[in-house]
Amino acid sequence: MTAAFCLFYFPRFRFAVPVIARVTLDLALGKEFDYLIPEELEDVVEVGARVKVPFAHRQVLGCVTALLETSPHPNLRPILKTIGRQSHVTPKILKLARWIADYYCCPPETALKSVLPEAVRKEKEGWREQLFVRALPEPETKPKLSARQREILELARAAKEMPLQDLLRQSGAAAQTLRRLEDKGLIHIAPQISERDPYARDIILPTRALALNAEQQRAVSEITGASGDGGADKPKPVFLLHGVTGSGKTEVYLQAIAHALERGRGAIVLVPEISLTPQTVERFKARFSAGSSGTLVAVLHSHLSAGERHDEWHKIRQGRARIVIGARSAVFAPVDPLGLIIVDEEHEHSYKQEEAPRYHARDVAVVRGRMEGAVVVLGSATPSMESYYNARKGKYRLLEMPDRADNKKMPIVRVVDMRAAARHEKGTPIFSPELKEAIHQRLERGEQTLLFLNRRGFATSLQCPLCGYVAECPNCSLALTYHRQAGRLRCHVCAHDVPVPAACPNPKCGNPAIRFAGMGTEKVEATLGKLFPRARVQRMDSDALKRKEDYRRILGDFGRGKTDILVGTQMIAKGLHFPNVTLVGIIYADLSLHAPDFRAGERTFQLLTQVSGRAGRGDVEGEVFVQAFTPFHPAIQYARRHDFNGFYDQEIEFRQQLKYPPVSRMALLLLTGRNEEKVKLSADHVKQEIEKRAAEVGDLIIAGPAPAPLARAETMYRYQIVLRTGRIARLGSALAALAGALNLPKGVKMIIDIDPVNLI
Ligand code: ADP
Ligand code: ZN
């Protein structure tokens, strides 16, 4: 062996340094590939690094998932370059992504994709560069300046450093003037990375920890006491904090976070997307970011621009922001070391991602907490059946806060039997006399009202009373909704959108007297206008929110008392805290009861309780009117009595009898395609294959195949097979194996959904 040869190879082989990287590509291939690590990249290619590699005749991005010394494949090609200065996915998050791929039966690249925001994954770095002006020390010989120039210089000096644009705006000067100051050696103008701060314009006043009441104190002590359990990285308990609306759960979160920070650890707070209001964010920023104490709170949600999301993510990755508040995907925020994960409103269905990987952020939080030795707190006024079941079985530790924090009373809930109201008026009224009277009183007293109806639009269908024609979506098995303001009929599944016909479109009919049936928020708003012409009414649903600022504006107006009545969909159901709201009206409580879903009762109970919780948060006691056609349904009656335990006990019995979750675990197989016959045959075939593997799983209940409740969506026919088992991990691996071996006809797709939330 020659010396040169030796020199070349020696450093690499002496410690058996890995020279091969296993890479998951950003392509849906369901497998990983090995690449050589060129010497110049040896120091930067690590597990989790984003890299660019050759693939066939292209160059693709990917993520390094392992470093190896040898590879079973010959003729490896080298990695071309690494992306970004900091490895993007930490080994801990990588491990979590692996768990997701296994548990939710999806390819590794799909799981990996979800753990990094799109804005961070890109090859080109997303930093924004901006020109900054920096004041330089005064030179020995003072140059002669005009009064104007001196004025501008003073501004620059006062700020020491500021964006050029800001200085131009503040001083009203021209760029030329600044260049002249630069020529004189008084200032320096250069590009710099400037971070976008989505909350920069907000003025947030700092808050201090409140004196806790006894129940809050007990919760905080238990949570903080558990954080030392068994050593830093050993698994910690999961808490279920069941506290009624207004019991002060947020203060418990805040103090638990403060404790995690004291121990040198960070925290993630998950909040459902729709409760991630400026108000919510502000409560966290006010405690930790405001004033000079400044621990950065990063915010991650879908309303941020890509650039803002990029910057927020890097603040976390660099360890500058140690508290993260965000929606579902914030569960992957690279906080390290992580001390605490809070999942607020843990029962919320939006924690489940409805595209692959179909993960549930609450469950991922529990797994991540276990992996990283972080305490997990699941909080809710209406815990999910799953979490409460786990608490009853001792898997989670239950913390109860049955009273409102500030001694405010729970609102009085009155259930109004709409069958009676319907008898008195022609057709179905929107407002019962009771609710009408209550609104009237509030207007007189200058108090505010929230009206809730979880359906947007004006009417739910267009019908012809002569021939029975109903306007349906051509792509979906669903009636079109009438939007009066827009003058359109729209499909709420595929967004199909047509003008309203002047007469019945049935060629054999043509009746000009077509009718609109059913109601939505738009109709509630219009009817209010007729009943209370002087009331200031605002509507909040996705139709009313056209621009990014609308959300803040509508809530802001309501908060400042510029609106008397706010009408809305589920957007107004949670997280809002307006002390002047003394009346809440639920227009049509049965709406969610009749959904073809075993969770319909649970969902209704949660919705009614949450919406009611918006009332009476100030000094005047709150009142809630629940209008229902099935007023004696248990979900409505238990909600009226604020009796979660009563509801749970009767609901769990029903689940036990029918072996539904949480008593069993569920997996949903959804087959879709344009050709109904093919879809149906494929579903039958899949069922046979599952039956063959049933013994592997052990206990398994197979229901279906049957057309899904929404039998056709976006031109696709949909068939379901519902599986229930006590052994979800085994079922998961059986399904993964099945999916791998399955040969579906062209045009038919199968979706595997583990622990499904949406059965429609
Ligand atoms: P939840 O999230 O449980 O619905 P919040 O955290 O919104 O309840 O608290 C409800 C109200 O009670 C808030 O106005 C909050 O400031 C107040 N509050 C919470 N804890 C205390 C406390 N210990 N003392 C006084 N007021 C409190
Ligand atoms: Zn449609």
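**Exercise 1.** Find how the axes of helix H18 (residues 600-612) and helix H20 (residues 644-658) are arranged.

*Solution.* Step 1: the axes come within 11 Å and cross at roughly 170°. Axes are lines fitted to C-alpha atoms, for helices over the stretch in contact, and angles run from 0 to 180 degrees between N-to-C directions. Step 2: angles over 145 degrees count as roughly antiparallel, so H18 is roughly antiparallel to H20. Step 3: Gly 601, Glu 602 and Phe 605 of H18 make the contact (heavy atoms within 4.5 Å) with Phe 644, Phe 647 and Arg 655 of H20.

Helices (H or I, at least four residues) and strands (E, at least two) are DSSP runs, numbered from the N terminus.

**Ground rules.** This is a predicted model: local features need pLDDT of at least 70, side-chain atom pairs count only at pLDDT 80 or more, and totals for chains, interfaces and linings use all residues. Residues are numbered from 1 along each chain, chains are lettered from A and ligands numbered from 1 as written, and side-chain values use heavy atoms, without hydrogens and water.

**Exercise 2.** Which residues of H22 are buried, and where do they lie?

*Solution.* Step 1: list the buried ones (under 20% relative accessible area, 1.4 Å probe, protein chains only). They are Ile 728, Leu 731, Gly 732, Ala 734, Leu 735 and Leu 738.

Conventions:
Buried < 20%, exposed > 50% of the residue type's maximum accessible area, 1.4 Å probe, protein only. Parallel < 35°, antiparallel > 145°, perpendicular 65-115°, else oblique.
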